[in-house]
Amino acid sequence: MSPLLEKVAEAVIEGQAEEAASAVRVALEGGLGPAVVLNDGLIATMGDVGQRFERGELFLPEMLLAVRAMQRAVDVLKPLLQAGEIGAAGKVAIGTVKGDLHDIGKNLVATMLKGAGFEILDLGNDVAPDRFVEAARAGVEVVALSALLTTTMVNMKGVVDALVAAGLREHVRVVVGGAPVTDAFARQIGADGYAPDANRAVGLVRSLLAATAAEAGRVSRLGSSAAPRAQGFGSMTR
Ligand code: B12
């Protein structure tokens, strides 16, 4: 890790929010790109924080301070990651599923999608299935689900089932992610795709919407909907 990123990491691990934000500014002024600061600095450090927590070297109050510092540091990067033309690429509703309060990864995915020009409806965390259904009814093209707990990832299936029950499943693409989620799990619950990180989430959503547009063109040309829907599996694995 470069010395500039080490300063960022140190401030996040120590839970110093203002120091973390200013270390990010110094890293940017020092010539590091926002994606490098995000991926090699902040996301890598959050992994480190998690391992320290697992080893019992950090306790919950310290972890919450580190999370706050991480969020403050990400705020500095947001305008740089969001330079695209907002809304032009399509509409995405994103949320962390019911029972789950983890939102750092979900927020990063939302930020990167915004940066890529998508309009984002951020439903927050601990989101019940019917709120995703409402968003689908309101016309979003993609529903993006995040889960960080093995006990809550099963609630992703609840969202897919609720969309089916509401008769909306064919109208939206469902993408899933979060540390315990895998490509195989995504297939098993009937999602359309999975990505292991925020960068690849953008590629996944783009490719699914491109496939949707191509299918719509084919259907209107041939007057048939017999062709199977394209899915975002395999190329997006960890
Ligand atoms: C920070 C944290 C917390 C914070 C969350 C604060 C917040 N605002 O998010 C707090 C302290 C509140 C917390 C609470 C708990 N936590 Co916690 N937490 C973590 C920790 C350390 C880091 C998670 C994180 O933010 N990672 C960084 C982000 C950037 O990564 P990410 O979320 O994976 O996201 C990336 C990808 O997964 C992907 N992605 C994410 N979402 C999506 C969505 C889509 C659509 C796509 C395509 C991609 C995608 O892109 C992201 C960016 O690249 C992890 C440990 C770890 N190593 O992961 C434990 C961890 C997730 N927590 C854990 C546990 C057990 C808990 C608690 C139950 C603890 C307790 N006993 O109370 C509670 C649960 C509360 C609840 N109901 O949700 C366990 C889960 C174990 C399991 N197998 O289920 C972990 C793994 C720690 C551990 N090993 O014990 N936690």
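Ligand shell, domains and sheet

Guide: Helix 3 gives the most to the shell around the ligand, with 7 residues. Bear in mind that this is a predicted model.

Visitor: Which other elements supply at least two residues of the shell around the ligand?

Guide: Besides helix 3 (34-54), they are helix 4, helix 5 (104-115), strand 3 (142-146), strand 4 (173-177) and helix 9 (198-222).

Visitor: Which residues come nearest to the ligand?

Guide: Gly50, Ile104, Gly105, Ser146 and Gly177, out of 38 residues around the ligand.

Visitor: What is the make-up of the shell by class?

Guide: It divides into 23 nonpolar, 10 polar and 5 charged residues. Gly counts as polar here.

Visitor: Why is the ligand said to lie between domain 1 and domain 2?

Guide: Because domain 1 (3-81) and domain 2 (90-222) both give residues to the shell around the ligand.

Visitor: What makes the two domains count as touching?

Guide: The test is C-beta atoms within 7 Å. By that test, 6 residues of domain 1 are in contact with 5 residues of domain 2. Helix 4 (residues 60-81) gives the most to the domain 1 side, with 5 residues. That side has 5 nonpolar, no polar and 1 charged residues.

Visitor: How far apart are the C-alpha centres of the two domains?

Guide: The centres of domain 1 and domain 2 are 27 Å apart.

Visitor: Why is Arg173 called buried?

Guide: The cut-off is 20 or more other C-beta atoms within 10 Å. Arg173 has 25, so Arg173 is buried.

Visitor: Which residues does Arg173 touch, leaving out those up to four places away in sequence?

Guide: Glu141, Val142, Asp192, Leu208 and Thr212.

Visitor: How far from Arg173 is Ala191, in sequence and in space?

Guide: Arg173 and Ala191 are 18 residues apart in sequence. In space, they are 7.7 Å apart, C-alpha to C-alpha.

Notes: Residues are numbered from 1 along each chain as its sequence is written. This is a predicted model: local features need pLDDT of at least 70, side-chain atom pairs count only at pLDDT 80 or more; totals for chains, interfaces and linings use all residues. Domain bounds come from an automatic or database domain assignment. Helices (H or I, at least four residues) and strands (E, at least two) are DSSP runs, numbered from the N terminus. A residue is near a molecule or strand if its C-beta atom, placed from the backbone, lies within 6 Å of it. A residue is buried if 20 or more other C-beta atoms lie within 10 Å of its own, exposed if 12 or fewer, and partly exposed in between; C-beta atoms are placed from the backbone.
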